[in-house]
Amino acid sequence: MMKKNRSRKYLREEKLPHMFCPGCGCGQVLNTFLQLVDELPIDLDSTVAIGGVGCTARIPVYIKTDVLHGVHGRTLAWATGIKLHKSHTRVVIFAGDGDAASISGNHFIQAARRNLDVTMLVVNNLNFAMTGGQVSPLTPAAAVTMTTPYGSGEPPLIYAR
């Protein structure tokens with residue numbers, strides 16, 4: 001008899017199989033998040049999961065909770081509205097590095113300044129992965145991407161040391 005993954009009870013079975021490419025880290029992020037839901041435990045009935053645009057933003061679609069899925073760069077603005085309306089609601093944002101560090105960069109700064117009580121999980125693909133690999137603020141300077149065939153002339157926003 002095959003054992004079923006304990007985390008499956010938190011998934012929307014009708015959305016499976018998932019759309020992530022083989023080897024993509026989004027499946028591991030989803031799996032790890034669901035393990036935390038089980039271990040902590042996190043009440044998904046009082047949680048909103050938010051995703052913008054991109055592969056990482058598709059993660060909430062698979063979770064049995066309220067989900068907001070919309071345009072690039074507005075996840076923290078939506079989270080702010082949710083927290084203003086219902087401050088006790090747990091908000092979890094799933095974003096790629098392009099969405100989090102580029103398009104919603106100022107939203108990120110303002111959310112940090114306001115100490116917004118949300119969790120933002122950022123999957124660092126080191127580029128805008130879904131759209132062909134354009135340079136993002138976290139792409140290493142020497143990395144070759146679709147928009148930087150000779151490497152980027154700009155340093156990344158965050159240095160990994």
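Good morning. Please keep in mind that the structure before you is a predicted model.

I shall begin with helix α1. It runs over residues 26-39 and has 14 residues. From its first C-alpha to its last it reaches 20 Å, close to the 20 Å expected at 1.5 Å a residue. Which residues of α1 are buried? They are Cys 26, Leu 30, Phe 33, Leu 34, Val 37 and Asp 38. These residues lie on the same side of α1, because they cover an arc of only 145° around the axis.

In one of them, the rings of Phe 33 and Phe 94 have their centres 5.3 Å apart. Their planes stand at 90°, so this pair is edge-to-face. Phe 33 belongs to helix α1 and Phe 94 to strand β3, so the pair ties together parts that are 61 residues apart in sequence. Are these two residues buried or exposed? Both Phe 33 and Phe 94 are buried.

Let us take Leu 30 as an example. Leaving aside its neighbours within four places in sequence, Leu 30 is in contact with Leu 11, Ile 59, Tyr 62 and Ile 63.

I now turn to the segment before α1, where Phe 20 is found. Phe 20 is buried, with a relative accessible area of 8%. If we set aside its neighbours within four places in sequence, Phe 20 is in contact with Cys 26, Gly 27, Cys 55, Arg 58, Ile 59 and Tyr 62. Consider Cys 55 in that list: Phe 20 and Cys 55 are 35 residues apart along the chain, yet their C-alpha atoms are separated by 7.3 Å.

The mention of cysteines raises a further point. How many disulfides does the structure hold? It holds zero. Cys 24 and Cys 26 show why. The closest cysteine sulfur to that of Cys 24 is in Cys 26, at 3.6 Å, which is too far for a bond. A disulfide would need the two sulfur atoms within 2.5 Å. The surroundings of the two residues can also be stated. Cys 24 is partly exposed, with a relative accessible area of 22%, whereas Cys 26 counts as buried at 1%.

Finally, let us look at helix α4, residues 105-114. Its buried residues are Gly 105, Gln 110 and Ala 111. They pack against two other helices, α2 (75-85) and α3 (97-103). After α4 comes Asn 115, whose phi is positive, near 55°.

That concludes the presentation. Thank you for your attention.

Notes: Residues numbered from 1 in each chain as written. Predicted model: local features only at pLDDT ≥ 70, side-chain atom pairs only at ≥ 80, totals over all residues. Heavy atoms only, no water. Buried < 20%, exposed > 50% of the residue type's maximum accessible area, 1.4 Å probe, protein only. Helix = DSSP H or I, 4+ residues; strand = E, 2+ residues; numbered from the N terminus. Expected span 1.5 Å × (residues − 1). Arc of directions from axis to C-beta. Contact = heavy atoms within 4.5 Å. Phe/Tyr/Trp six-rings, centres within 6.5 Å; stacked < 30°, edge-to-face > 60°.
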